[in-house]
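Student: Hi! Could you walk me through this one? I'd like to begin with the strands.

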Amino acid sequence: MTEADTLLLEPFLFDVDADALADRYFYRYCVPVAAYQELVTAQLEAGTISKKKGADQDDEPVKACIDGLAAVMAWAAPAVDKISVQRPDTGGRPTADGGNDVTICFWMIAPIGQEDALIAELERTFDIWLGWVLEPDAYKRVRRQFERRGKARQPFDQFSIGTALRANAVCASPHDPNLFDLVTLYAARRLEGRLINTGTEHQGELVMSGPSGSLFSGKKLMRFHPSRRDGRMKGACWTEVFSVCAITTPGCKTLRVGVNVNIRNFRSVEAKYLSGSENRMMDIVMPSDPVLSGGARRLRTFSLALRRSDWIAASQKKPSYEVRVMSQMLRIAGVAESWPTIREGTIPVAEPGVRHGFYPRMGANHGDRFMPGGTGIPAPDRIDYLAALDAAFGPAGLHRVRMAKRPRMTVRCLKEAQTVYSDTDSAALRAAVAFTCQSYKHENGLWISHFSNDPQAVTWMTAAAEQLLGEPASREDVGPGICRLQYKDDFAVTIEALDAGPMAELLPEVTLNPVDAKMTSEMRAAKERSLRHQAEQQRGQALREHIAKSAHQAGSAWVSCVEMPEDLRQHPRHDPYLLNYAALGAAGSMVQTKFLMNSVAMEGKTGDDSEVKKETAKYKNSVLDMLRSIGVAAIRTPDIRLGAWHLINRNGVSAYNRRPGELDRIVTPIYAECVKGNLVVAMLNEKREVAWMSYPQAVINIGLKRVANLKSLKRPELISTVEQFFAEVTPDDDISTVIFTEATNIRQVVPGLSNDKLSPLGLSLGAVGASAPKRTIGPGGTVSIVRLTNESAKAVSYASSNRGGYARGVFQEEEASSVFWLTRGLPDPLQMSVKFTNPNSRINSPEAVGNASRFGNRRMPLLSEVCMVVQGKTSSADELAAITRFALGSHITTDDATRLPFPLHEVSVLR
């Protein structure tokens with residue numbers, strides 16, 4: 001790195017001095033295994049939990065429900081930072097209560113010599129929780145197991161945390177995994193209680209989150225009190241949230257702390273928007289009880305799920321553990337009368353005292369655009385927060401990392417690369433669509449079936465297609481509601497208008513007969529599942545009959561746009577969204593869904609109106625999404641092959657929260673590559689054989705579950721199967737190939753891509769036991785492997801010297817040769833607004849409070865770590881970074897969630 005390099009980037013990233021962590025101790029308290037087993041039995045008897053299939057096996061024990069326990073610990077035992085349900089011998093540190101049975105373990109960092117006081121505090125707090133959530137008889141049975149434990153059987157472990165790191169040629173790796181938790185807590189406590197925005201009306205102290213089940217995602221600190229928002233969003237408020245997390249990065253020999261700062265908005269919640277799933281949260285701030293916690297006066301924040309079943313007081317015969325716990329805690333604290341309810345239809349933002357607060361979070365599409373910030377932090381405020389981090393971390397042995405921008409370079413293999421889409425070149429996009437249609441033998445061009453109940457919608461769709469693909473040579477009505485756009489280059493787009501019909505209607509409510517009330521809860525649930533399945537089958541038949549009305553012409557690329565009322569999203573158990581996808585996919589059509597704008601609201605508005613512009617942009621994005629779904633590649637790279645490894649890991653959901661048409665869990669690997677504009681995909685079919693297909697066919701196969709589902713494989717077999725698949729499908733020829741993959745997605749099934757397994761000798765794939773690997777991809781070949789990290793929980797914020805506050809380009813640390821940091825800037829729709837919003841402080845600008853809607857589009861892309869795992873002979877590390885940067889901006893359509901390069905992003909959206 002030369003002196004000419006300009007320092008532009010100040011990441012919220014800090015190196016940790018290992019000496020500062022010496023002589024630190026973790027305490028772990030384990031509830032007696034017998035007491036835990038008695039708790040499980042009591043909850044099974046009460047119906048709080050149920051025994052799942054296979055749960056009677058040793059490796060799948062039934063776990064107790066510990067809802068509300070974290071809140072009680074934050075209130076009465078604030079030293080606890082983690083609560084886990086695990087075997088007491090986890091980590092090689094057996095206790096006298098060890099064995100194969102699990103129990104509840106509490107983890108904390110505390111001074112040596114306070115064991116007796118901590119044990120008393122923890123057992124007292126746990127006893128309070130038991131008394132609040134269990135019936136008296138069950139409570140006595142659990143307590144009896146505590147009394148039976150003799151003094152010789154200590155429940156408490158004290159152990160030092162080793163700060164030594166493994167000798168790894170690529171990345172730091174601690175011998176003791178608990179070191180990650182220690183680093184996280186060490187840094188978070190340096191911020192706890194600190195004031196930010198001092199001297200302004202937004203001044204507040206940072207309050208740390210209470211205990212959680214894992215510290216992998218770090219600790220969060222929220223500014224208290226949040227700032228009020230007046231005007232259109234009266235009663236709403238917002239605050240900053242600092243996320244602190246321990247991380248490792250390749251090329252660095254120390255552990256690090258990453259900090260991300262974002263905005264969280266709060267507003268009263270209407271009861272009708274609550275559902276049975278935990279999709280809305282409320283943040284609660286409370287001080288620790290000075291009597292129960294031995295005089296501690298720490299503030300803690302914790303989250304409570306807002307569920308309709310828990311919050312409609314009139315129908316609550318047996319409130320959840322969380323509601324019981326909160327009611328009792330607030331009664332003792334003397335603020336029970338301010339405990340929010342929805343008897344009047346809303347759960348409000350409430351601050352019953354100087355040190356108490358209830359803040360329902362805003363959900364997506366619940367008014368964030370009227371609030372001061374969305375998720376972004378303006379440039380001046382980020383600089384102030386970075387200075388506050390330096391002041392807190394510097395004296396504690398944490399030193400900030402600095403990065404410089406790499407000079408722009410010309411890459412040989414990209415000289416002939418072409419970007420096929422831009423706002424000013426519709427001919428190039430049209431040529432790319434025609435090329436894709438011809439590649440898939442679609443001689444009749446593109447056919448769009450537009451399902452909508454708005455008679456004006458097809459006019460918007462046609463206008464959007466013409467804006468993107470250019471003015472046609474002719475327009476011809478070729479049937480009822482069917483318009484063909486014919487272009488001079490023999491390419492045609494046919495747009496067909498159809499009623500949405502059953503596609504835009506909720507599924508009917510399932511009601512049980514009065515006689516079903518006498519059934520057991522399990523039998524009623526089974527009966528309800530059966531009735532819901534019948535309703536889905538009937539709707540599926542209605543959809544097939546409705547889709548058959550389409551005049552779709554064989555030999556054309558068939559895509560569909562379904563417009564649905566936005567209100568359907570408020571009823572997830574009756575939403576036909578997924579059934580629409582399945583029915584159209586089975587018929588052979590690609591699908592995109594657009595949420596309907598009320599056409600009445602558009603009457604009398606001109607093209608210059610903001611709502612009209614937004615609606616126009618929605619239709620253009622719908623068309624671009626449809627083009628992506630048929631496999632249109634945004635770039636052509638004749639001298640290089642771009643590929644992607646990805647694992648589709650779609651989790652299953654509970655029967656209650658299942659949406660109509662939702663499939664069970666799917667785990668399957670997928671490979672995609674693009675050569676000269678052709679995007680093709682390889683997957684394992686149902687016989688676990690490698691199958692090559694077009695991108696649109698892959699979309700259909702995944703949606704209909706026509707793929708190998710590896711969810712039942714044990715981890716060693718899953719790793720072997722996935723690695724052998726990638727070893728087989730990854731090319732081994734003379735074409736220079738760059739494979740992109742994302743660390744969070746892939747490292748569990750390709751361990752060689754995890755930080756502690758990275759090797760300068762390359763990547764070995766497909767080894768079974770002690771056998772030789774099926775393939776080793778090493779340096780000097782034609783294949784390069786680039787691993788990106790797009791893990792939101794561990795992403796870091798940054799400050800930049802640019803006036804706009806965001807950086808664009810490739811950045812690098814001085815001593816890191818194979819690791820780069822990329823930020824691709826912002827999607828085009830947000831560029832203009834950011835120029836005006838990012839340079840203005842929210843804290844010190846009067847307009848930030850009076851005109852907060854100006855700040856609604858602020859977005860700040862986080863840094864993406866890019867590691868050159870394998871460097872082929874045809875590209876240097878700098879060239880690979882430039883290729884990655886180029887691919888990051890090479891998509892048919894982008895938004896602020898598009899953070900992966902082509903074609904990795906294209907396979908990551910396959911669900």
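Student: What is the strand order in the open sheet?
Tutor: The open sheet has 4 strands in the order S4-S5-S3-S6, with antiparallel pairing. Strands here are DSSP runs of E, at least two residues long, and helices are runs of H or I of at least four, numbered from the N terminus; two strands pair if DSSP finds at least two bridges between them. Keep in mind that this is a predicted model, where local features need pLDDT of at least 70, side-chain atom pairs count only at pLDDT 80 or more, and totals for chains, interfaces and linings use all residues. Residues are numbered from 1 along each chain as its sequence is written, and side-chain values use heavy atoms, with hydrogens and water left out.

Student: Which strands stand at the edges?
Tutor: Those are S4 (80–86) and S6 (156–160); each has a single partner strand, so one side of each lacks a neighbour in the sheet.

Student: And what joins S4 to S5?
Tutor: There are 6 bridges between S4 and S5 (residues 103–109), and the two run antiparallel. Lys82 stands opposite Trp107 in S5.

Student: Where does the charged end of Lys82 sit?
Tutor: Over the ring of Trp107, 4.6 Å from its centre. The rule asks for NZ of Lys or CZ of Arg within 6 Å of the ring centre and within 35 degrees of the ring normal. Arg190 also has its charged end over a ring, that of Tyr186, 4.0 Å from the centre.

Student: Switching to ring pairs: how many aromatic pairs are there?
Tutor: The count is 17. Rings of Phe, Tyr and Trp (its six-membered ring) pair if their centres lie within 6.5 Å; planes under 30 degrees apart are stacked, over 60 edge-to-face, and the rest tilted. One of them is Tyr577 with Tyr581, tilted, at 5.2 Å centre to centre and 45° between the planes.

Student: How far apart are those two in helix H12?
Tutor: They are 4 residues apart in H12 (residues 577–587), which means about one helical turn separates them. Tyr577 is partly exposed at 22% relative accessible area, and Tyr581 is partly exposed at 28%. The cut-offs are under 20% for buried, over 50% for exposed and in between for partly exposed (1.4 Å probe, protein chains only).
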